[in-house]
Amino acid sequence: MQVRRTRWNDDVLVISADGEIDLATAGRLERELRHDLPVTTVVDLTGVTFLGVAGLRVIESAAARARTERRAVGVVACTRPVLRLLQLFGVDAHIPVYQYLANAIREVPKASPVPHR
């Protein structure tokens with residue numbers, strides 16, 4: 001799995017992952033989601049072919065930290081395996097999920113952090 005950081009502007013960071021996010025690779029994504037985050041972070045999973053529960057927990061943990069710090073996090077996903085897991089575990093109920101990166105970049109900064117239920 002590969003992870004890239006792209007600073008969209010001063011307030012928006014896009015963290016893109018490609019490949020499989022499982023127990024063996026989730027730590028790479030976690031490292032990128034732990035440090036130097038702006039007001040808005042978009043996690044782009046459009047290049048992810050497999051998302052395991054370990055990766056899901058990393059994303060949920062980052063979103064929980066963001067809410068605590070009054071920052072916003074959104075996820076971009078378009079592949080069936082990734083969307084299915086996000087829906088199955090109800091992640092899409094408390095983290096905004098977008099089909100297209102452009103929509104997430106436009107909408108996530110406007111969204112106020114959603115409190116965890």
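Me: Which residue just after α2 takes a positive phi?

Reply: This is a predicted model, where local features need pLDDT of at least 70, side-chain atom pairs count only at pLDDT 80 or more, and totals for chains, interfaces and linings use all residues. Residues are numbered from 1 along each chain as its sequence is written, and side-chain values use heavy atoms, with hydrogens and water left out. Helices (H or I, at least four residues) and strands (E, at least two) are DSSP runs, numbered from the N terminus. Just after α2, the residue with a positive phi of about 60° is arginine 70.

Me: What span does helix α2 reach from its first C-alpha to its last?

Reply: Helix α2 covers residues 53-68, which makes 16 residues. The expected span of a helix is 1.5 Å times one less than its number of residues. For α2 that expectation is 22 Å, and the model comes close to it, reaching 22 Å.

Me: Which residues of α2 are buried?

Reply: Buried means under 20% relative accessible area, exposed over 50%, and partly exposed in between (1.4 Å probe, protein chains only). An α-helix has 3.6 residues a turn, so residues three or four places apart point the same way. In α2 the buried residues are Gly55, Leu56, Val58, Ile59, Ala62, Ala63, Ala66 and Arg67.

Me: What covers the buried residues of α2?

Reply: Contact means heavy atoms within 4.5 Å. Both strands and helices take part in the cover. It includes β2, α1, β3, β4 (72-76) and α3 (80-88).

Me: Is threonine 40 buried or exposed?

Reply: Threonine 40 lies in strand β3, residues 40-51. It touches Asp11, Val12, Leu13, Ala72, Val108 and Pro109, not counting residues up to four places away in sequence. With a relative accessible area of 2%, threonine 40 is buried.

Me: Which residue meets aspartate 18 in a salt bridge?

Reply: A salt bridge is a side-chain nitrogen of Lys or Arg within 4 Å of a carboxyl oxygen of Asp or Glu. The structure holds five salt bridges. One of them joins aspartate 18 in strand β2 (residues 12-21) to a residue in strand β1 (residues 2-7), 14 residues apart. At 2.5 Å, N to O, the partner is arginine 4.

Me: Is arginine 71 buried or exposed?

Reply: Arginine 71 forms a salt bridge with glutamate 69 at 2.8 Å, N to O. Glutamate 69 is partly exposed, at 48% relative accessibility. Arginine 71 has 9% relative accessibility, so it counts as buried.
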